[in-house]
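Student: I have a new structure to study. Can you take me through it, one question at a time?

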Amino acid sequence: MDINFKNVSFIYGENTPFEKKALKNINLTIKKGEIVGIIGQTGSGKSTLIQHFNGLLKPTSGDVFIDNKNTKDKDFLKNPFRFKIGLVFQYPEYQLFEETIEKDIAFGPRNMKLSEEEIKNRVKEAMLSMGLDYEEKKDKSPFEISGGQKRRVAIAGVLAMKPEILILDEPTAGLDPRGRDELFSKIKNIYEKEKITVVLISHSMEDIAKIADRIIVMNDGQIYFDKKTKEAFSNVDDLKSVGLNVPQITELMDILRKKGYNFKKNILTVEEAFYEIKREWRKNNDKKYINR
């Protein structure tokens, strides 16, 4: 399933004193199987953009096509096809409402009119993919577990519908570093297993660098640039001009390189930095050994 935007603009409160143009002439294609990061300052248009991906918002002008189906079509949201697009809002645990974890995760599949056996299988599979033990957790209240587990239950509820496109709006907001790492590990595993399309909004450059293959930078309702991740984070001045920055480890390695260390450019993660420092240390120590 591809996502295509053709000259899309969107205006909140059109023809009122509160009119605000949130998207301006967006042209964009996201191909099946991509992991795309969307970044930008608050108010840049990120959340408005992704709400067009499943027809929650419809363009004021222009068209959005999901798998060649126009979201403006009157039957778009009535089509079972809509279940193929999973949108996880920021703090999705606030959307939990059922009395047990199993019932909450089963809510979407049950609306799909699936058999009880298929619903149960999907709940089990979704819980397993998010690292939740079915027998241990199924009868517990979703309000009696930790914040990180609530987040995973909420995402499992979307995964149980087996979406082909998974859209995550700040999925790690409020989580500690360990919780963030665990959640991204689960998302990466789901992507590799299911080969779904993943679209991720985040204010964390470190999170985006770890998972995204491609980055779309939004600014003032427009696409400022759209590039492969390493190329995007090599444009430090461009990012800073729209109030963004590169991952902290990228900035540190760039400072060290300017001080004379022969490190590669575009180091995006701590793991990459560790191996680069180790490589340079070994090279320098081998030279000392040879020159003795």
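Tutor: Just after α6, Lys-195 takes a positive phi of about 60 degrees. Helices (H or I, at least four residues) and strands (E, at least two) are DSSP runs, numbered from the N terminus. The model is predicted, so local features need pLDDT of at least 70 and side-chain atom pairs pLDDT 80 or more, while totals for chains, interfaces and linings use all residues. Residues are numbered from 1 along each chain as its sequence is written, and side-chain values use heavy atoms, leaving out hydrogens and water.

Student: What percentage of the 292 residues counts as buried?
Tutor: Buried means under 20% relative accessible area, exposed over 50%, and partly exposed in between (1.4 Å probe, protein chains only). By that cut-off, the buried share of the protein is 47%.

Student: How far does α6 reach from its first C-alpha to its last?
Tutor: α6 covers residues 177–194, which is 18 residues. The expected span is 1.5 Å times one less than the number of residues. That gives 26 Å expected, and the helix is close to it, reaching 26 Å.

Student: Which residues of α6 are buried, and why do they share a side?
Tutor: An α-helix has 3.6 residues a turn, so residues three or four places apart point the same way. The buried ones are Gly-179, Leu-183, Phe-184, Lys-186, Ile-187, Ile-190 and Tyr-191.

Student: What do those buried residues of α6 pack against?
Tutor: Contact means heavy atoms within 4.5 Å. The partners include both strands and helices. They are β3, α3, α5, β7, β8 and α7.

Student: Is α5 roughly parallel or roughly antiparallel to α6?
Tutor: The two pack at an angle of about 15 degrees, with axes 11 Å apart. Axes are lines fitted to C-alpha atoms, for helices over the stretch in contact, and angles run from 0 to 180 degrees between N-to-C directions. Under 35 degrees counts as roughly parallel, over 145 as roughly antiparallel, 65 to 115 as roughly perpendicular and the rest as oblique. That makes α5 and α6 roughly parallel.

Student: Which residues of α5 meet α6?
Tutor: On the α6 side are Glu-182, Leu-183, Lys-186 and Ile-190. Facing them from α5 are Arg-151, Arg-152, Ile-155 and Leu-159.

Student: Is Thr-172 buried or exposed?
Tutor: Thr-172 is found in the loop between β7 and α6. Its contacts include Arg-151, Leu-183 and Asp-207. Its relative accessible area is 6%, so Thr-172 is buried.

Student: How do the axes of α2 and α3 cross?
Tutor: They come within 9 Å and cross at roughly 120 degrees. Residues in the contact include Ile-105 of α2 and Val-123 of α3. The angle makes α2, relative to α3, oblique.

Student: Which residues does Lys-137 touch?
Tutor: Lys-137 lies in α4. Its relative accessible area is 9%, so Lys-137 is buried. Not counting residues up to four places away in sequence, Lys-137 touches Ile-101, Met-127 and Gln-149.
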